[in-house]
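I opened the notebook to look up a few spots in this structure. My entries follow in the order I took them.

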Amino acid sequence: MELKISDRQSYREYVNELKNGDLKLFYYDMLRIRLVEEKIAEIYPEQEMRCPVHLSVGQEAPAVGVCKALGKDDFALSTHRSHAHYLAKGGNLKAMLSELYGRETGCCGGKGGSMHLNDPSIGFYAVPIVGSTIPIGVGIALGFKIQNKSEVSVAFFGDAATEEGVLSESLNYAALCKLPVIFICENNLYSVYSPLSVRQPAERNLIDIAKAHGVEAFKCDGNDVVAVYNATTKAVEKARIGGGPTLLELSTYRYYEHCGTNFDNQLGYRSEEEFNLWKAKDPLKMLALKLVEDDNFKLEIEQMTKVINLEITDAFAFAKSAPYPDEASLFTHLYAK
Amino acid sequence: MERIITYAKALSEAIDMCMAKDDKVYIMGLGVPDPSGFFGTTIGLQEKYGKMRAMDMPTSENGMTGVAIGSALTGMRPIMAHHRMEFALLATEQIINQAANWHYMFGGKSSMPLVIRMFIGRGWGQGPQHSQSLQAMFAHIPGLKVIMPATPYDAKGLMVSAIEDNNPVIFLEHRWLHTITGKVPEAIYRIPIGKANIARSGSDVTIVAFSYMVIEALFAANILMKLGIDAEVIDMRSIRPLDADAVLESVKKTGHLVVADQAWKTGGIAGEIIAIACEEAFGFLKAKPVRLTLPDFPSPSTPGLTRYYHPRAINIINSVLKMLGKNEKTEEELDIVQKSPLDIPNKEFKGPF
């Protein structure tokens, strides 16, 4: 295929032509997330984004691999680290960045900030209380089941959430009612600075928590977007035909600090060696290896980068120039009509 | 002909009618399909609507509240029931962080139609963890509505309003109210959330109460009438939103205010109501307003202590007498000594719970 990417419009057309399962589209989506996050990190020191940010760099594959296996009407629930999930599910970049800048054009009108990205029209909500969205994801699945719908629900959470009692409550109920929910545990090994070794017994597998509740569970390389996509697709297909819930443990790694835009290996809670090991398994790098036989691909990456950067520049300019919400809106939306 | 039914039956009717009218309404709670049916408020619902709409649930209060919330995001209208308020405390993470915030924090884009019924136990030695009145905790939270109906009529009308409301509503039922009876129309009707009711009009003193304390306040008002004092009883019905106008209007008329709240004094709704009166009608007050509450101590079990713990009509009567500069009376003097033990509302109320 000959590429004619002279402007973003034609690139969008190209992206639209790619099929949902096309690896190039996977790459495009992961690259977009990474470039957005890196841009946030770059200009966060301006101190104009006045809310905490939890960057997803290094964890793009779970977001894209899972969301590519979902339809628009399927739901995804996320956590404090939700930028990647939001973008992968189809969230609007301008609305996301506006929210980080606290502007009225934000996806919460400035009331939520980075940790409350949402878009009901694409079935997406994120909140930062660890484990809190898991039962909500299960409840969405219950709603679908009661209404005989074929949609499924996905609950994204980290390894720390597996220590919350509410995960057990949620697994139990999902198994009991065979609900169409997929539990996605992104295991990045740390709860802020605390490693798994001080939080969970070494001899017990994380997925055994799910199995003990009668929920089928699998481990999967969370940096391999294709593996994530395939595993999720299987789980989604099972859920859609009434086969019940699945839990996937996706091993992955965050590059930046837990919250913020710095690298923090110097603190000593994780080693440089470990960090480099994971960087060698970078999700974008791993996918590029699969695509490298396509001669055009290197050129494509360059052009993708160009087009995405145009979009990002545009979206940041939009967000920065948007007004703050007016005083009156402090007092709106207490109750729904 | 006017029909007399119990508070429990009125609630059961409201839930039944809402489920019949809207197939998105469902009820869940540990024991919903039980023979005892939540003190007679859910009997027959599962037979009529099936297991997917009148459902039992695992003993997972927090998780299941999250489940109810999630289902609401798909258009369902859940009602969740807890046998005791204290069990619902396990779900405060979902109620306060999620349900209450949902509409506001997402910029008004989605709503959270959810009714959470919690029962305030009392009597037969329920003790420290089965008889607490924790309404002020929930009423503190923006985004929640908290209602505490006192009569069968209000119970039905407010339950319908709660189910049809697009916001999380905490519906508090005092155990001693389920068996009381009153006039209730057969047809469906609604009572607006956040509107108080003048349960008895009077001119000398305003007694503000809600939930079970309305019963005590009305009893007290009848005795006060015999003593030549004409008391107005305001039944708040909702404590969030709080109908400040109703309180202020009455206080401006009577100049005297007693608030009877069956909860602790510190940080309570009684104090909130008095603060509103002081801020907005200070010049009308002819005496210091009075909070009549539980002492700031945990809720004991033995009838040997509960008789001193819970304020009742005699305490309201004496608060009013004192405020008006009159001599206080004893229950013996007024001939209102309750013949049945004080740890039950009536002879029909039996243990063990």
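This is a predicted model: local features need pLDDT of at least 70, side-chain atom pairs count only at pLDDT 80 or more; totals for chains, interfaces and linings use all residues.

**Entry 1: a serine in chain A**

I looked up Ser132(A). It sits in the loop between β3 (124–126) and α6 (133–146) of chain A. Is Ser132(A) buried or exposed? I found a relative accessible area of 1%. The cut-off for buried is under 20%, so Ser132(A) counts as buried.

Next I checked what Ser132(A) touches. Leaving out residues up to four places away in sequence, I listed Val127(A), Glu93(B), Gln94(B) and Gln98(B). With Glu93(B) there is a polar contact, side chain to side chain, at 2.8 Å.

**Entry 2: a strand in chain B**

I moved to strand β13 (residues 257–264) of chain B. Why do I call it largely enclosed by the rest of the structure? Because seven of its eight residues are buried.

I then looked for the strands paired with β13(B). Strand β10 (residues 205–209) of chain B runs parallel to β13(B), and four bridges join them. In this pairing I picked out Ala209(B), whose bridge partner in β13(B) is Ala260(B). Strand β14 (residues 290–294) of chain B is also parallel to β13(B), again with four bridges. There I noted Trp264(B) opposite Leu294(B) of β14(B).

I followed the chain onward from β13(B). Together with helix α12 (residues 269–281) of chain B and β14(B), it forms a right-handed β-α-β unit.

Which phi values are positive here? Phe39(B), not a glycine, has a phi of about 55°. I placed Phe39(B) in helix α2 (residues 37–40) of chain B. Its relative accessible area is 18%, so I logged Phe39(B) as buried.

Arg237(B) is another non-glycine residue with a positive phi, near 60°. I found Arg237(B) in the loop between β11 (231–235) and β12 of chain B. Arg237(B) has 9% relative accessibility and counts as buried.

Last, I checked a peptide bond. From Arg240(B) to Pro241(B) the bond is cis, with omega near -5°. Pro241(B) belongs to the loop between β12 (238–240) and α11 (244–254) of chain B.

Key
Residues are numbered from 1 along each chain as its sequence is written. Chains are lettered from A and ligands numbered from 1 in the order in which they are written. Side-chain values use heavy atoms; hydrogens and water are left out. Buried means under 20% relative accessible area, exposed over 50%, partly exposed in between (1.4 Å probe, protein chains only). Helices (H or I, at least four residues) and strands (E, at least two) are DSSP runs, numbered from the N terminus. Two strands pair if DSSP finds at least two bridges between them. A crossover is right-handed if, with the strands pointing away from the viewer, the path from the first strand over the helix to the second runs clockwise. A polar contact is a pair of N or O atoms within 3.5 Å; within protein, one must be able to donate a hydrogen and the other to accept it, and residues adjacent in sequence count only if both atoms are side-chain atoms. Contact means heavy atoms within 4.5 Å.
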